[in-house]
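Here's a quick tour of a protein model, written for someone who likes cut-offs spelled out. Have a look at the sequence and the fold, then read on.

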Amino acid sequence: PGTVGIMAPPFLYLASASPRRRDLLRQIGIEPEIVPADVDETRLAGEVPRAYVDRLARLKAETAWRALAEHRRSAVLAADTAVVLGSEIFGKPADRDAALDMLARLSGRTHEVITGVALKTARHLDLRVNVSRVTFRPLQREECEAYWRTGEPCDKAGGYAVQGRAAVFISELAGSFSGVMGLPLYETAELLRAAGIDPLGHRGDGR
C-alpha cells in the first residue's frame with residue numbers, strides 16, 4: 001500500500017508556454033511542468049537590450065515561483081529572448097506589414113539574438129546570458145511575402161524562426177542555435193547542474 005500525503009513536486013518547472021523551449025528541454029532529457037508567467041514586457045526608458053533580457057528572465061522566474069503553492073515549489077526555469085538590430089529590439093510582429101518591415105531591415109545584415117536564462121530555487125536565483133550573431137543574406141520582397149504566408153513569423157521575435165523555413169535566409173550563425181531558438185542549452189545545463197539537476201540523468205531536487 002502507498003503512503004498518503006503531499007505529492008512531491010516535479011524537479012523542474014518551466015515558466016514559459018513556448019513549445020520550442022519545452023522541446024529543447026526534452027532534447028536533453030528533461031520533461032518540465034509548464035507554469036506560464038504573465039509579466040509586463042514593456043521596455044524601461046533607457047534600458048539596453050541585455051539589461052532588458054536579464055530583467056525579464058529574472059522577473060518570469062520569480063513570478064512563476066510566487067504563483068506556486070509553497071509545498072509545490074521546486075526549481076523554476078525561465079527565459080527571455082530579444083532580436084536586436086543596433087540598439088532596437090524586434091518583438092513579435094503585430095501584423096503582416098510589421099513582419100515584412102522587420103525582414104526587410106534584417107535583410108543583408110547581421111543582428112544579435114540575446115537570450116537570458118534564469119533558474120529560481122529556494123536558495124537563490126541564478127542567471128546566464130547567451131549572445132549570438134545571425135547574418136541574413138539579401139532578401140527579396142516576394143520571398144518575404146511568401147514566408148509570411150506560411151504563418152511561421154506570426155509569433156516569433158524578429159518575425160522569423162531559425163529552426164523553420166527562415167533557415168534559408170541565414171548565411172551565417174555565430175553562437176548558439178538553441179539560444180536563437182529561445183533557450184541556449186549550454187547555459188541552461190550549467191544552471192541545472194549547479195542546482196543539482198543533471199541533464200544526463202541524475203535527478204536532483206533543485207532546492
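R128 has a relative accessibility of 25%, so R128 counts as partly exposed (buried is under 20% relative accessible area, exposed is over 50%, partly exposed is in between, with a 1.4 Å probe and protein chains only). R128 pairs up with E190 in a salt bridge, with the closest N and O atoms 3.4 Å apart; the term covers a side-chain nitrogen of Lys or Arg within 4 Å of a carboxyl oxygen of Asp or Glu. Since E190 sits in helix 6 and R128 in strand 6, the pair ties together parts 62 residues apart in sequence. Helices (H or I, at least four residues) and strands (E, at least two) are DSSP runs, numbered from the N terminus.

Before going further, some ground rules: this is a predicted model, where local features need pLDDT of at least 70, side-chain atom pairs count only at pLDDT 80 or more, and totals for chains, interfaces and linings use all residues. Residues are numbered from 1 along each chain as its sequence is written, and side-chain values use heavy atoms, with hydrogens and water left out.

The whole structure has 17 salt bridges, including these:

| Pair | N to O distance |
|---|---|
| E31 and R26 | 2.9 Å |
| E190 and R128 | 3.4 Å |
| D155 and K156 | 2.7 Å |

E31 and R26 also belong to a salt-bridge network with R22 and D23.

Just after the helix, G196 takes a positive phi of about 85°.

Which residues touch the most other members of the largest nonpolar core? Of its 40 residues, they are L12, L77, L119, F136, Y160 and L183. A second, separate core has 23 residues, A15 and V84 among them. A nonpolar core here is a set of buried Ala, Val, Leu, Ile, Met, Phe, Trp, Tyr and Cys residues joined through side-chain atoms within 4.5 Å.

F136 is also one of the residues that S107 touches. S107 is buried at 18% relative accessible area, and its side chain reaches the backbone nitrogen of L139 at 2.7 Å.

Technical notes
A polar contact is a pair of N or O atoms within 3.5 Å; within protein, one must be able to donate a hydrogen and the other to accept it, and residues adjacent in sequence count only if both atoms are side-chain atoms. Contact means heavy atoms within 4.5 Å. Lists of a residue's contacts leave out its neighbours within four places in sequence.
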